[in-house]
Amino acid sequence: MTYTVLGNPAYKFGNTSRLWGSDAANDPLIYWAIEIDWTNAGVYDGSNEARYCIDMEVTRGRSNRLTVDSNGNASGFEMSRIGTARLVFDNSSRRFDPYYASGALYGYILPGRYIKIRATYHGVTYPVFHGNIKSINPVEGENPTVVIECEDGMRLIQNATSSLSITTDVNPEDAVGAILTELEWPARFGTDLQAYGVQDIAYFWTDGNALNEIKEICKVRPSNFWIGADGVARNYSLLIASGAFATTISESNTLKQIALPVPWEEIKNYFRVYYTPRVVVTVTPIFTIAETPLVPATQTETRWVDYTYNNENVPAINVLTPVATTDFTANTLADGTGTNLTASFSVAVTDFGDNAKLVISNNHPTLAGYVTFLQLRGDAVTTQGRGYQFNTEAASLAKYGRHDFVVDSKFTQNNYTAGNMINYSIYLRSNRPNVEVQIDARPDVQFDADLFDTAPVDIAKYSINEDRQITYIKHKWLEPNGQRAVTTLILETIPTVPAAPFI
């Protein structure tokens with residue numbers, strides 16, 4: 001079998017001498033660009049792998065508005081999932097064979113390489129996907145192919161741990177930015193973190209999975225965090241669209257398969273949002289060693305320890321470097337009755353919010369020593385007066401029964417912020433289902449859409465005529481040369497928040 005692939009492989013994407021026989025405004029073709037930084041040089045050199053591509057599927061966004069547990073209770077708004085791209089290439093030339101020593105890409109066919117996918121139609125270039133290669137799987141047979149699976153930058157965040165020391169009065173967008181900076185977020189992706197005017201997080205620190213920490217931040221005042229088709233990491237309030245989608249989505253430009261979920265999937269009418277105020281307890285032991293480790297002469301011992309106060313793990317600020325005799329002692333005997341080596345020891349501390357890295361050094365040239373006492377002092381940031389905001393919707397309860405919406409974030413630290421979360425969530429009390437549509441043979445509409453753009457929707461069949469946000473996008477090639485693709489969109493209602501705050 002042979003595949004019809006458009007394009008002259010002698011040209012790179014963007015070469016202005018590449019002629020297609022008609023002006024851009026009337027050109028009926030879709031020109032695909034698949035650029036891969038095979039050499040890991042940090043730039044795309046313009047080489048276009050699209051001429052080998054025979055199948056493509058790109059999926060981004062979320063299919064559900066809410067994070068729901070096994071009991072059907074919601075614990076917040078769902079975050080966009082890891083965006084994926086599945087590409088199938090004709091490998092009859094063995095170009096993508098990692099074992100073919102004579103291949104042009106030999107030695108460079110490796111996962112982790114950056115990949116950027118775009119589509120140009122009527123002279124306009126639309127970003128479709130930007131991320132990294134996850135896997136490369138050759139498929140042997142009469143018509144050899146290779147399947148390349150890709151993921152967007154959300155995977156980089158999900159795979160990382162964030163350990164930021166505590167800072168005070170931090171805006172949510174700055175908190176997200178601090179995590180991305182710590183992770184050395186790739187400059188080629190970029191960021192777009194909207195300042196959306198919310199009370200600061202009084203005490204901000206991280207100690208865990210980076211994506212989970214961002215999810216907690218997004219609960220302070222509900223916001224969307226996602227990776228754009230251009231690879232940019234974006235964080236916007238639920239009320240703010242990242243862009244405007246000009247084309248009205250209606251029965252006239254979509255396929256007949258318009259889907260709506262059943263009403264009770266996203267009806268919520270029993271709201272509880274917890275908040276946990278924090279207070280500072282000054283200059284107190286936040287760690288005390290419970291053993292007597294032996295450190296050989298001229299050697300070091302490294303330990304990771306949690307901060308505790310009143311037998312609970314807490315963050316701390318103003319962590320002090322241990323002082324000899326006051327904060328640690330050392331001796332040639334574990335019971336402290338031998339030679340005092342305290343003056344020959346030192347302890348270095350690296351603070352990570354609610355834990356620390358300790359490097360214990362024995363600087364004595366000949367004698368090994370036991371650490372007979374060691375403590376860390378600092379200002380413990382502990383909890384006080386935990387509470388919650390609460391509201392119910394009687395009419396919704398009577399009509400649909402009880403459906404819980406319970407949110408608890410370590411960064412929701414005051415009554416005002418908890419009340420705002422409920423204020424944002426009240427619109428879930430009534431049935432405003434998502435709309436799922438499919439678009440075919442309209443490249444200017446299909447590829448212009450990006451996540452959380454606002455789109456005018458007019459579906460007379462379901463009496464829907466309002467602006468909605470695009471929260472899910474899937475592109476699927478229907479022909480091996482990509483000249484026909486079908487796009488699936490999910491459009492969510494935009495929250496409508498009462499003029500006055502809940503509290």
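Let's start with a pair of helices: the axes of helix 2 (residues 172-182) and helix 3 (residues 210-218) come within 10 Å and cross at roughly 175 degrees. Because of that angle, helix 2 is roughly antiparallel to helix 3, a label used for angles over 145 degrees. Axes here are lines fitted to C-alpha atoms over the stretch in contact, with angles from 0 to 180 degrees between N-to-C directions. Helix 2 brings Pro-172, Ala-175, Val-176 and Ile-179 to the contact, and helix 3 brings Ala-210, Glu-213, Ile-214 and Ile-217; contact means heavy atoms within 4.5 Å. Sorted by class, that gives seven nonpolar, no polar and one charged residues.

All this is a predicted model, where local features need pLDDT of at least 70 and side-chain atom pairs pLDDT 80 or more, while totals for chains, interfaces and linings use all residues. Residues are numbered from 1 along each chain as its sequence is written, and side-chain values use heavy atoms, without hydrogens or water.

Now for the strands. An open sheet of three strands runs in the order 21-27-26, paired antiparallel; pairing takes at least two DSSP bridges. Helices (H or I, at least four residues) and strands (E, at least two) are DSSP runs, numbered from the N terminus. Strand 21 (300-306) and strand 26 each have a single partner strand, so one side of each lacks a neighbour in the sheet.

Seven bridges join strand 21 to strand 27, and Asp-306 has Asn-355 as its bridge partner there. Seven bridges also join strand 26 (residues 345-351) to strand 27 (residues 355-362), with Asp-351 opposite Ala-356. In their hairpin, three residues lie between the strands, and Gly-353 takes a positive phi near 85 degrees.

Key
Parallel < 35°, antiparallel > 145°, perpendicular 65-115°, else oblique. Nonpolar A, V, L, I, M, F, W, Y, C, P; charged D, E, K, R; others polar.
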